[in-house]
Structure formats: structure tokens, C-alpha cells
Amino acid sequence: MAGGLEVKKNKFIEEWNAGRENLEFNFRWTRRNWALIGIFGVAVPILVYKGIVREFHMQDEDAGRPYRKFL
């Protein structure tokens, strides 16, 4: 095919890739990490679920039906 096309490595991209490959060795549990897990791993999904269930209950109430059960 095409010859003589050399790839020039970008040192910043190479450093970022090396960091991603070794993330599990360099990760540390901190208060900030626990807080982020608590917010985005627990609180946000619960709030989204509660909002969806509330919306369905409002639709049931408007239609005169008994509430649907979830979970």
C-alpha cells in the first residue's frame, strides 16, 4: 500500500495511556472517592428511580387507577 508513512508519537497521549493502563495499581481510596461513589453510585440512581415511580403514580392518579407496584 502506502510506504514511508511513519507515525509520530505524542508524548502526552502516551503518558495518559500509560496512566490508564496502570490505574488499578495507582488508585487510592480517599474520602473524595467514597463521596463520589456515594453520590453517583447510590444517591443519583435512587433519586432517578423515585422520580420515575412518582411520575407513574401521578399518571395512575389522573387516570383513576390504583397505583402500580414496582420492585
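How many salt bridges does the count come to? In this predicted model, the count comes to 2 salt bridges, a salt bridge being a side-chain nitrogen of Lys or Arg within 4 Å of a carboxyl oxygen of Asp or Glu. Residues are numbered from 1 along each chain as its sequence is written, and side-chain values use heavy atoms, with hydrogens and water left out. Local features need pLDDT of at least 70 and side-chain atom pairs count only at pLDDT 80 or more, while totals for chains, interfaces and linings use all residues.

Asp60 pairs with Arg65, their closest N and O atoms lying 3.0 Å apart, and also with Arg68, at 3.1 Å from N to O. Asp60 is buried, at 0% relative accessible area, whereas Arg65 is partly exposed at 43% and Arg68 is partly exposed at 35% (buried, under 20%; exposed, over 50%; partly exposed, in between; 1.4 Å probe, protein chains only).

The unreviewed UniProt entry places a transmembrane region at residues 34-52; such annotations may be inferred rather than shown by experiment. This span is 100% helix and 0% strand, and its end C-alpha atoms lie 26 Å apart. Val44 is found in helix H3, residues 31-63 (helices are DSSP runs of H or I, at least four residues, and strands are runs of E, at least two, numbered from the N terminus). At 35% relative accessibility, Val44 counts as partly exposed.

Val44 also belongs to a nonpolar surface patch with Leu36, Ile39, Phe40, Val48 and Ile52, with about 520 Å² of accessible area together. Patches are made of residues with over 30% relative accessible area and no salt bridge, like charges being joined within 9 Å and nonpolar side chains (Val, Leu, Ile, Met, Phe, Trp, Tyr) within 5 Å. Accessible areas come from the Shrake-Rupley method with a 1.4 Å probe, and for residues only the protein chains shown count as cover.
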